[in-house]
Amino acid sequence: MKRLTMLRAALALAVAVSASAAQAVTEIQWWHSMTGALNDRVNELAKGFNESQNQYKVVPVYKGQYPESMAAAIAAFRSGNAPNILQVFEVGTATMMSAKGAIKPVGAVMRDAGEKFDPKSYISAVAGYYTTSKGEMLSFPFNSSTVVFYYNKDVFAKAGLDPNRAPETWPEVMAAAAKIKTSGASQCAYTTGWPSWVHLENFSAWHNVPIATKENGMAGLDTVFQINSPLHVRHWNNLKEWNSKGYFTYGGRTNEAEAKFYSGECAMLTSSSAAQANINRNAKFKYGVAMMPYYADVAGAPQNSIIGGASLWVMAGKKPDEYKGVAKFLNYLADPQRQAQWHQQTGYLPITPVAYDITKTSGFYEKNPGTDVSVRQMMNKPATPNSKGLRFGSFVQIRDMFQEEFENMLAGKQDAKTALDNAVKRGNEMLRRFEKTAKDAG
Amino acid sequence: MEKRVAFRSRWLPYVLVAPQLAITIVFFFWPASQAIVQSVQQQDPFGISVEFVGLDNFVMLFNDEHYLASFKVTAIFSVLVAFFGMSLSLILAVFADRALRFAGMYKTLLIWPYAVAHAVAAVLWLFLFNPTLGIVAHWIKGFGVAWDPLLVSRDAMVLVVVAAVWNQISYNFLFFLAGLQSIPKSLIEAAAIDGAGPGRRFWTIVLPLLSPTTFFLLVVNVVYAFFNTFAIIDAATGGGPGSATEILVYKVYKDGFKALDLGSSAAQSVILMAIVIGLTIVQFRYVERRVQY
């Protein structure tokens with residue numbers, strides 16, 4: 001009796017499998033981490049592509065936050081069910097790059113399918129992030145953002161500061177913070193999202209100093225962190241001091257601080273340019289967007305900032321027909337009009353100069369002041385080896401370590417020099433460990 | 001006085017325990033053996049290169065001062081959770097047991113928190129204690145106490161302990177209540193007639209008779225604090241500030257699932273497994289001797 005039911009179940013399964021195989025449309029699985037309004041945009045992109053032709057069907061699936069979707073895809077790969085396209089955040093780039101058997105380079109996907117694709121059409125600071133030293137583009141730039149400075153104009157006016165002039169340097173930021181605090185214009189003066197990304201990674205690029213040797217890890221796995229330079233120590237020491245004076249309020253390791261800004265609690269914020277959509281929706285005050293502050297006495301500052309965000313990776317081991325569909329879809333996404341629209345709707349960077357020009361001539365930036373700050377900052381100067389990006393293995397762990405040291409410093413357990421020395425030491429240990437596994441895999 | 005049932009058939013006992021054995025093998029022995037295998041390997045996240053490294057992963061862990069600090073954090077956290085979780089629920093159970101009116105309502109309300117998922121409980125407490133939004137944080141500040149779980153280790157520890165204890169109270173409460181109700185009323189009445197007050201009756205009669213329940217709950221609560229609280233840590237503090245609330249099991253999760261360092265994560269779970277097995281043996285050998293069934 002039991003055996004019979006098993007047999008029936010097996011038959012039903014076999015029928016179901018062959019039925020789905022018989023369908024003419026090739027399905028392309030796209031795993032991503034976009035939530036809220038961004039999730040709607042992703043679904044629109046897939047829908048637009050599916051309606052534009054009838055051979056392929058892109059199925060976008062939300063798989064949790066960036067680390068979660070990456071872990072899910074890795075587990076799926078290990079059991080032979082990886083998606084066709086996976087959205088991976090920039091700190092996962094080195095991990096994906098060294099997994100040579102698990103991914104198929106985007107350049108190769110496009111070539112094999114005979115699709116036109118020019119990596120040079122992308123902003124170099126964006127494309128450089130995802131391109132090997134040999135010039136092969138490995139993943140497809142999708143959503144990129146950078147660090148910008150936001151300030152509450154109403155609070156500035158209340159504190160007797162000029163609301164139409166944003167502080168340009170760190171000393172100016174702190175002078176403003178002091179005025180805001182003493183006048184009581186708001187209870188918190190300055191806060192920041194993503195401490196490591198803002199106060200180490202982008203801070204270094206913006207001042208044209210290295211984060212690590214070997215062009216911030218882009219020229220070799222044997223890279224070593226250099227974030228305990230006197231300039232870094234000076235900046236962290238300032239943050240520690242401003243924290244104890246109440247000028248700087250710690251917000252958390254990711255984007256928690258953004259809520260502190262748009263709720264009106266904090267008057268100044270450094271965080272992702274992609275936060276602007278949220279700030280726009282929630283802030284009940286006038287605000288300004290400006291470039292990241294810098295130290296004016298550092299030669300060459302400000303340089304240009306580096307990106308965060310994510311790119312799309314094509315997974316290996318799929319059928320040729322599926323790769324054709326993937327190539328067609330990526331080409332659909334690369335369309336300049338679509339790129340410009342994505343930039344305007346989401347606040348992510350326009351990743352091609354053409355998309356930037358289209359947006360500019362459409363008058364979008366005049367109507368939405370501040371939305372071009374991120375682009376201008378990215379293209380402020382031609383990128384140097386210190387400012388074209390970074391590539392570190394195990395960077396998810398390393399960033400956490402950096403932020404742990406930062407928190408221990410703010411809590412008064414150690415000074416800036418010790419915090420940064422510890423960060424370098426712990427980070428380097430992780431890099432060496434990664435170097436070992438990556439060399440074996442490659 | 002033990003009752004034993006003798007089975008004539010040779011295979012029947014095995015068939016009877018087979019379902020339980022199957023579950024134990026699939027959900028415990030198999031993953032545990034995988035963890036042991038992976039703990040002596042170093043591999044990239046995708047499993048493309050797998051290398052046997054012997055005890056390297058363990059050596060690295062024990063040379064890592066942050067990992068060693070995590071032991072201390074775990075010990076403090078587990079003791080606090082087990083102590084407060086059990087003593088608070090015992091007090092509640094004693095009161096609920098003696099309640100004359102609305103006893104049913106008290107019991108139902110006290111059991112509710114158990115239905116709340118750990119992560120949800122953590123978010124709930126996080127909102128109450130959030131320095132910016134939290135109403136409780138507001139009261140605390142009203143009393144002139146500085147409160148900042150984002151930077152002050154002690155505050156963060158308080159937050160996760162409160163959330164973990166609250167989530168576990170119902171479970172403890174249920175067992176204590178059942179234990180209390182199974183204590184013969186005649187014993188307590190006899191003591192009352194002999195002139196023992198409520199306090200004395202509790203310490204000399206109720207508590208010793210509850211010892212099997214207390215012992216069982218001690219084991220369960222320690223295991224709970226060690227293993228089941230990572231959702232609370234993840235949602236409330238993420239192990240911070242610094243690594244002040246990074247308990248061992250949270251580090252296993254973080255290194256394995258977020259950082260994709262499977263070798264180290266597997267080695268950590270093997271160590272954790274050894275600790276819990278060790279603790280349970282100690283509890284059964286030494287604590288159980290003093291338990292009267």
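I started with chain B and counted 13 helices and 2 strands. Here helices are DSSP runs of H or I with at least four residues, strands are E runs of at least two, and both are numbered from the N terminus.

Residues are numbered from 1 along each chain as its sequence is written, while chains are lettered from A and ligands numbered from 1 in the order in which they are written.

Next I looked up the overall dimensions of chain B: its C-alpha atoms fill a box of roughly 75 × 70 × 30 Å along the principal axes. Of its 293 residues, 34% are buried (20 or more other C-beta atoms within 10 Å of the residue's own, with C-beta atoms placed from the backbone).

Then contacts, meaning residue pairs whose C-beta atoms, placed from the backbone, lie within 7 Å.

On to where the chains meet: I find 28 residues of chain A and 25 of chain B in the contact. On the chain B side, strand E1 (41-43) and helix H12 (248-258) each supply at least two residues. H12(B) gives the largest share, 3 residues.

Last, I checked confidence in chain A: the mean pLDDT (the predictor's per-residue confidence, 0 to 100) is 90, and 94% of residues reach 70 or more. Where pLDDT is low, the predicted coordinates should not be read in detail.

Conventions. Predicted model: local features only at pLDDT ≥ 70, side-chain atom pairs only at ≥ 80, totals over all residues. Contact = placed C-beta atoms within 7 Å. Buried ≥ 20, exposed ≤ 12 C-beta atoms within 10 Å, placed from the backbone.
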